[in-house]
Amino acid sequence: MGPMTEAAAALLYALAWTAARLPWPVLRALADVMAWLSRASNGREARVARRNLELVRPDLAPAAREALLRAILRTTSRQAFETLRLWTRPAARNLADITEVHGEALFDAALADGRGLIVAAPHMGNWELLNQWLAAKTALAILYRPPESAMGEAFLRRVRANAGGQVEQVRAEAAGVRTLLKRLQRGGVVGILPDQQPRVGDGAFAPFFGRAALTMTLLGRLAARSGARVLFAWCERLPGTGSPRFALHVAEAPEGIADPDPARAVVALNAGVEAIARRDFAQYQWTYKRYKYRPPASGETNPYKPAP
């Protein structure tokens, strides 16, 4: 990356740092205004979340779905401002926001096992804070899909370095996958966002909230080839009106997640993510087009496209 790109990323970081220094009540109010504007203007996030709720919660009356939509948009906006603070404050200060930890003994036992460990971290609560907790426990590599702009990638690398030097950021490409496999075979730790939609041809369809969703086969392949353990982990936001507080959870992955048959492995993977998302619908990332790709020969079309 060139010096101009790095300079632009540094400026963006300075702006993020400045915004994050506002008192939390101010940031929360700004987030709630953004959520209201998104819903009032039928912005992209509102449209996608509304469509997702129509797909996965047909049991709800329209008014109940709109109420849930409002909660999702508020949570999504507040998380954006939370993340600015996490990215620009010392990691030790951020970790003080985790007031409950469940399953830490399970995580420690998996580390001591020495077989390698895959941490599946769904888009639930605040996954950036989870990254910092993991980095405080052990060295790890996290798989990420780089932004389209070079400046965006430079900014992302800068802010995620806040988790400490123990985090290696690995691009989601062939060379990156080989890096992850080697790390696991040496007994290392890898973090993967398991509900990120893969490219067509790089995944398999499996039920997710009762609908077929293209799902990554990578996690299951890595687990099967390396023999590594798989745990789910997430940072769940606790209720309250003050500064955000979180409960961190570590849980066993469903049986079958490392099945050599990718079709079975993705079913187990989605079952694990769905169980976590059901804990609090509003804290899951419903602003993502999870059902964009449809199974071949199903006759279904992209549900996010307007009707002709």
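This is a predicted model: local features need pLDDT of at least 70, side-chain atom pairs count only at pLDDT 80 or more; totals for chains, interfaces and linings use all residues.
Which residue just after α2 takes a positive phi? Hold that thought for a moment, everyone. Good morning, and thanks for coming.

Let's start with the helix. α2 covers residues 24–40, so to speak a run of 17 residues, and it reaches 24 Å from its first C-alpha to its last, close to the 24 Å expected at 1.5 Å a residue. Now, which residues of α2 are buried? They are Trp 24, Leu 27, Ala 31, Ala 35 and Ser 38. These five cover an arc of only 80 degrees around the axis, which puts them on the same side of α2. Turn to the other side of the helix and you find Trp 36 and Ala 40, both exposed. As for what the buried side meets, the buried residues of α2 pack against α1 (3–20), α3 (44–56) and α4 (62–88). And here is the answer to my opening question: just after α2, Asn 42 takes a positive phi of about 55 degrees.

Next, please find strand β8, residues 229–237. Nine of its nine residues are buried, so the strand is largely enclosed by the rest of the structure. In a regular strand the side chains alternate between the two faces of the sheet. With that in mind, look at each face of β8 in turn. On one side sit Arg 229, Leu 231, Ala 233, Cys 235 and Arg 237, and on the other Val 230, Phe 232, Trp 234 and Glu 236; all are buried, and both faces are covered.

Strand β9 (residues 246–252) runs antiparallel to β8, through seven bridges. There, Cys 235 has Leu 248 as its bridge partner.

Now for the rings. Phe 208, Phe 209, Phe 281, Tyr 284, Trp 286 and Tyr 291 form one aromatic cluster. The count of aromatic pairs in the model comes to nine. Take Phe 208 and Phe 209: their ring centres are 4.9 Å apart and their planes stand at 90 degrees, so this pair is edge-to-face. Why do we call Phe 208 buried? Because its relative accessible area is 1%, and the cut-off for buried is under 20%. Phe 209 counts as buried too, at 6%.

Phe 209 also pairs with Trp 286: the centres are 5.2 Å apart and the planes at 70 degrees, so this one is edge-to-face as well.

Leaving out residues up to four places away in sequence, Trp 286 touches Val 48, Ala 49, Asn 52, Val 56, Ile 72, Phe 208, Phe 209 and Phe 281.

Finally, two arginines belong in this picture. Arg 57 lies over the face of Phe 281, at 5.0 Å from the ring centre. Arg 290 lies over the face of Phe 208, at 5.3 Å from the ring centre.

How values were computed:
Residues are numbered from 1 along each chain as its sequence is written. Side-chain values use heavy atoms; hydrogens and water are left out. Rings of Phe, Tyr and Trp (its six-membered ring) pair if their centres lie within 6.5 Å; planes under 30 degrees apart count as stacked, over 60 as edge-to-face and the rest as tilted. Buried means under 20% relative accessible area, exposed over 50%, partly exposed in between (1.4 Å probe, protein chains only). A charge sits over a ring if NZ of Lys or CZ of Arg is within 6 Å of the ring centre and within 35 degrees of the ring normal. Helices (H or I, at least four residues) and strands (E, at least two) are DSSP runs, numbered from the N terminus. Two strands pair if DSSP finds at least two bridges between them. The expected span of a helix is 1.5 Å times one less than its number of residues. The arc is that of the directions from the helix axis to the C-beta atoms. Contact means heavy atoms within 4.5 Å.
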